[in-house]
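Please open the model in a viewer and keep the selection panel at hand.

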Amino acid sequence: MNYAVVIAGGSGHRMGQDIPKQFINVYDKPVLIYTLEGFQRQPQIDAIVVVCIDGWENVVWAYAKQFNITKLKQIVPGGKTGQESIRNGVYALEGIAKPDDIVVIHDGVRPLVDDAVLTDVLLVAHKYGNAVTSMPYNEQIFVVNQDDETTTNKYIPRETLRRVSTPQAYRFDLLDSKYHEAFEKKIGIYGSSYTNTMMVELGVTLHFAAGSDRNIKLTTKDNLEMFKAYLKLDKDNWLK
């Protein structure tokens, strides 16, 4: 089976709104529901687990019923950090998922889940045991001079870089064991750490899968406006 663990445990202070950003309504539909619909319509996804900010669980169940998200099977509480939230979602599948089942980790505030990207992530994960969404980096990257932060004399060839985000997918036995190891050893769980960075810190080689420039993360008001623009573009028949 293929599971999706959707992380919706953040409060979203940078958005500057009165409610968590994953529950902001865009054209009469919450951001989180756009995200869940991407997994609902993907035939290869069998079940969805949502990791939810405390106090909003009943809201998620109500929205799931309203928008016919029938694959939603569990809602689990978020943690104090992003890694704690993901861990909670992974541990919720213990005793349910089989070792070779695939678990897709995805940010609840990345609502433009592309079917082709999700398909490739699952394909690569089934073949290699893991897969991370990736895109080439198209800008030049220069390293700040430690002696003078206003200058640089070193750059990183962009051909050697990839931008990695979610969705990312892992065999359940790998994912579960590495989260236990990470929290026992206190490795890869602090700051901006995520599943992919944790895996690398624990010695796992990751495999790249397809990505999409549309796969934006809604962190600021500008991101929200871009998301709304994408939705309007999708409705224009002349683009097809």
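Select Tyr34 to begin: this residue is buried, because its relative accessible area is 12% (buried means under 20%, exposed over 50%, and partly exposed in between, with a 1.4 Å probe and protein chains only). The model is predicted, so that local features need pLDDT of at least 70 and side-chain atom pairs count only at pLDDT 80 or more, while totals for chains, interfaces and linings use all residues. Residues are numbered from 1 along each chain as its sequence is written, and side-chain values use heavy atoms, with hydrogens and water left out.

Rings of Phe, Tyr and Trp (its six-membered ring) pair if their centres lie within 6.5 Å; planes under 30 degrees apart count as stacked, over 60 as edge-to-face and the rest as tilted. The count by this rule is five aromatic pairs. One of them is formed by Tyr34 and Phe227, edge-to-face, with 5.1 Å from centre to centre and 90° between the planes. This pair links distant parts of the chain, as Tyr34 is in helix H1 and Phe227 in helix H7 (residues 221–234), 193 residues apart. Helices (H or I, at least four residues) and strands (E, at least two) are DSSP runs, numbered from the N terminus. Phe227 is buried, with a relative accessible area of 0%.

Next, select Phe142 and Tyr155, an aromatic pair that is tilted, at 5.8 Å centre to centre and 45° between the planes. Phe142 belongs to strand S6 (residues 141–145) and Tyr155 to strand S7 (residues 148–156), and the pair links these distant parts of the chain, 13 residues apart.

Then select Arg87, which lies over the face of Phe183 at 4.5 Å from the ring centre.

The last stops concern the backbone. Most residues other than glycine have a negative phi, and most peptide bonds are trans. Tyr27, in the loop between strand S1 (2–8) and helix H1 (31–40), has a positive phi near 55°. Tyr27 is partly exposed, with a relative accessible area of 34%. Asn68, not a glycine, also has a positive phi, of about 60°; select it in the loop between helix H2 (57–66) and strand S3 (72–77). Finally, go to Thr166 and Pro167, which are joined by a cis peptide bond with omega of about 10°. Pro167 is in strand S8 (residues 162–171).

Definitions and conventions
Lys NZ or Arg CZ within 6 Å of the ring centre and 35° of its normal.
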